Amino acid sequence: PLLDRMEIIEVPSYTGEEKFHIAKDHLIPEVLEDHGIQQDQLMISEGAIETLVENYTMEAGCRGLKKRIAAIARHESENILKNGTVQVESQDLERILGPVSARHEKVKDANPAGVVTGLAWTAVGGEVLFIETTDMPGSGQMILTGQLGDVMKESARIAMSYVRSVGERYQIEEKLFRKKDFHIHIPEGAVPKDGPSAGITMATAILSAVTGKAVRADVAMTGEVTLRGKVLPIGGLKEKILAAKTAGVHTVLVPKENEKDIAELDREITDGLEIHLVQCMDEVAGY
């Protein structure tokens, strides 16, 4: 009852471009003032700021980014006393902050059959998922690994049922599903995963594995799938699109019912991406 009377204000994570401008216009001046350093004494290049955002932070906000800038100020304080001014470039960051601490998955040049690029939402932004499916001699069992939650396990079963129901269309013999075991794995295995939005990705991965046809590595997808192959809308679209762009994806498949969410995205997010709206698995398989 209380929630019904409240206005819900969503605060999405910052984009990389937004973090860049926040760091340049606000965080760096604040850190320099806190450390008693003049702005002309410590200059951090735009390239270094971009590297900080992309390779040294992994968060929805900017708290960790400010800590990294403060670490640079402390590390270079002695050089400032000796030389008067210091210019920090991208190549200096490893010397100052150590090895890159934020790892972002990148798409490969090609995926083998059974591997499909999916998109996921996390508390610190979007991530790409490489969903792997393989078949082996067995008795029709399905093995699921990668710390999947109950909802994601159900999505995998729905995806398998859908593929079996359309097997004749793709010249797949029904006995194949009785004589093979199917293993679906989603790296990274130590990270818990849940939600229905990987449904079309798992269905595509199973279809790719049983037909032996590889899916383009630069195509990523997100959407819930039903037993009849309908693609349902998902959440966290902004973060997922950003993850796709960072990973080097060129084409993203999004549920048709998320069209209004695409329209609300800034041009800087969608620039360089082909976003296709899909309503059913037949359209997904066409890519």
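Mentor: A residue is called buried when its relative accessible area is under 20%, exposed when it is over 50%, and partly exposed in between, with a 1.4 Å probe and only protein chains considered. By that rule lysine 256, at 34% relative accessibility, counts as partly exposed. Before we go on, remember that this is a predicted model, in which local features need pLDDT of at least 70 and side-chain atom pairs count only at pLDDT 80 or more, while totals for chains, interfaces and linings use all residues. Residues are numbered from 1 along each chain as its sequence is written, and side-chain values use heavy atoms, with hydrogens and water left out.

Trainee: How many helices and strands does the chain have, and how are they defined?

Mentor: Helices (H or I, at least four residues) and strands (E, at least two) are DSSP runs, numbered from the N terminus. The chain has eleven of each, and of its 287 residues, 44% count as buried. Its C-alpha atoms fill a box of roughly 75 × 50 × 35 Å along the principal axes.

Trainee: Is helix 7 mostly covered or uncovered, and what length should its 13 residues span?

Mentor: The expected span of a helix is 1.5 Å times one less than its number of residues. For helix 7, residues 199–211, that gives 18 Å, which agrees with the 18 Å between its end C-alpha atoms. Helix 7 is mostly covered, since twelve of its 13 residues are buried, among them Gly199, Met202, Leu207 and Val210. After helix 7 comes glycine 212, which has a positive phi, near 75°.

Trainee: Which residues does asparagine 111 touch, apart from its neighbours in sequence?

Mentor: Contact means heavy atoms within 4.5 Å. Asparagine 111 sits in the loop between helix 4 (93–97) and strand 3 (115–122), and it is buried, with a relative accessible area of 7%. If we leave aside neighbours within four places in sequence, asparagine 111 is in contact with Val116, Thr117, Ala214, Val215 and Ala217. Across the chain, among contacts between residues at least 6 apart in sequence, 74% join residues at least 24 apart.

Trainee: What is a salt bridge, and how many does a search of the whole structure find?

Mentor: Side chains of opposite charge can pair when their charged atoms come close. A salt bridge is counted when a side-chain nitrogen of Lys or Arg lies within 4 Å of a carboxyl oxygen of Asp or Glu. The search finds 13 of them. In one of these, the side chains of glutamate 76 and arginine 95 meet at 3.5 Å, N to O. Glutamate 76 lies in helix 3 (residues 63–83) and arginine 95 in helix 4, so the pair ties together parts that are 19 residues apart in sequence. Glutamate 76 is buried at 2% relative accessibility, whereas arginine 95 is partly exposed at 48%. Glu76, Asp92 and Arg95 are linked in a network of salt bridges.

Trainee: Where does lysine 256 come in?

Mentor: Lysine 256 forms a salt bridge with glutamate 259, with the closest N and O atoms 3.2 Å apart, and glutamate 259 is partly exposed, with a relative accessible area of 39%.

Trainee: Which residues form the nonpolar patch on the surface?

Mentor: Patches are made of residues with over 30% relative accessible area and no salt bridge, where like charges are joined within 9 Å and nonpolar side chains (Val, Leu, Ile, Met, Phe, Trp, Tyr) within 5 Å. Here Leu2, Leu3, Met6 and Ile8 form the nonpolar patch, with about 460 Å² of accessible area together. Such areas come from the Shrake-Rupley method with a 1.4 Å probe, and for residues only the protein chains shown count as cover. Isoleucine 8 lies in the segment before helix 1 (16–34), and at 53% relative accessibility it counts as exposed.
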